[in-house]
Amino acid sequence: MRKIDPNTWPRRDIFDFFSKISNPFYSVTFNVDVTEAYAYAKRRGLSFYYALVYLVTRAINSVEAFRYALVDGELVLLDERSPSFTDLKKGSESLHIVTMPCKGDIAEFCFDAKRRSAEQTTFLSTDKEGADLIYISCLPWIELTALTNERDFDPDDAIPRVSWGKFHERDGRKILGMSLELNHRFTDGVHIGKFAEALENLISQL
């Protein structure tokens, strides 16, 4: 984590502008072609959900704007963000939230995520909560066209919220609706475009 001087931060004017707005949060939903990611996960016996959590986390961390945060009132650039994602145990309707580092390759992450989720006995490990997270959730029962998340209203909240739904088939491709909920004080549309491009590239490299 590196402290940033707000006076020399290129984004200072934009940050100040959106800081005057009572609700600086916005959300965008767009389509992602996950055909190759789904095929890769199935070939290797990996959870498609955990694989996508890994890919989304890598894509988020590749875009600097998503790693800015306010910690104890100071502007910082985080080294990386870690995924904090919802999950369900088989046969349960009560979700729990798994928070873990995004380490190793995609297979190592998926196996570790499966183990951690199975072993977790609490809804949430509050000791792992911090400003360096990405909140991730999935609604695999419906095609996602829009989404907002619950929150305690805090204009300093820079944690990205990423969600997706059930993919659908289109011309032989698997298309999935993905939602990003962000704070306009830290990110703009161009950064969403960079994230989408990074995610597309990561999927194509599988």
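Rings of Phe, Tyr and Trp (its six-membered ring) form an aromatic pair if their centres lie within 6.5 Å; planes under 30 degrees apart count as stacked, over 60 as edge-to-face and the rest as tilted. The model shown is predicted, so local features need pLDDT of at least 70, side-chain atom pairs count only at pLDDT 80 or more, and totals for chains, interfaces and linings use all residues. Residues are numbered from 1 along each chain as its sequence is written, and side-chain values use heavy atoms, with hydrogens and water left out.

Begin by selecting Trp9, Phe15, Tyr68 and Phe186, which form one aromatic cluster. The structure holds 15 aromatic pairs. One of them joins Tyr49 and Tyr50: the pair is tilted, at 5.9 Å centre to centre and 40° between the planes. Tyr49 is buried at 14% relative accessibility, and Tyr50 is buried at 8% (buried means under 20% relative accessible area, exposed over 50%, partly exposed in between, with a 1.4 Å probe and protein chains only).

Next, select Leu176 in strand β10, residues 173–183 (strands are DSSP runs of E, at least two residues, numbered from the N terminus). Leu176 is buried, with 1% relative accessibility. Its C-alpha atom is separated by 6.7 Å from that of Val34, 142 residues apart along the chain. Leaving aside residues up to four places away in sequence, Leu176 touches several residues, including Phe30, Val34, Phe48 and Trp164 (contact means heavy atoms within 4.5 Å).

Finally, select Leu88, in the loop between β5 (82–87) and β6 (96–99). Leu88 is partly exposed, with a relative accessible area of 34%.

Technical notes
Helices (H or I, at least four residues) and strands (E, at least two) are DSSP runs, numbered from the N terminus.
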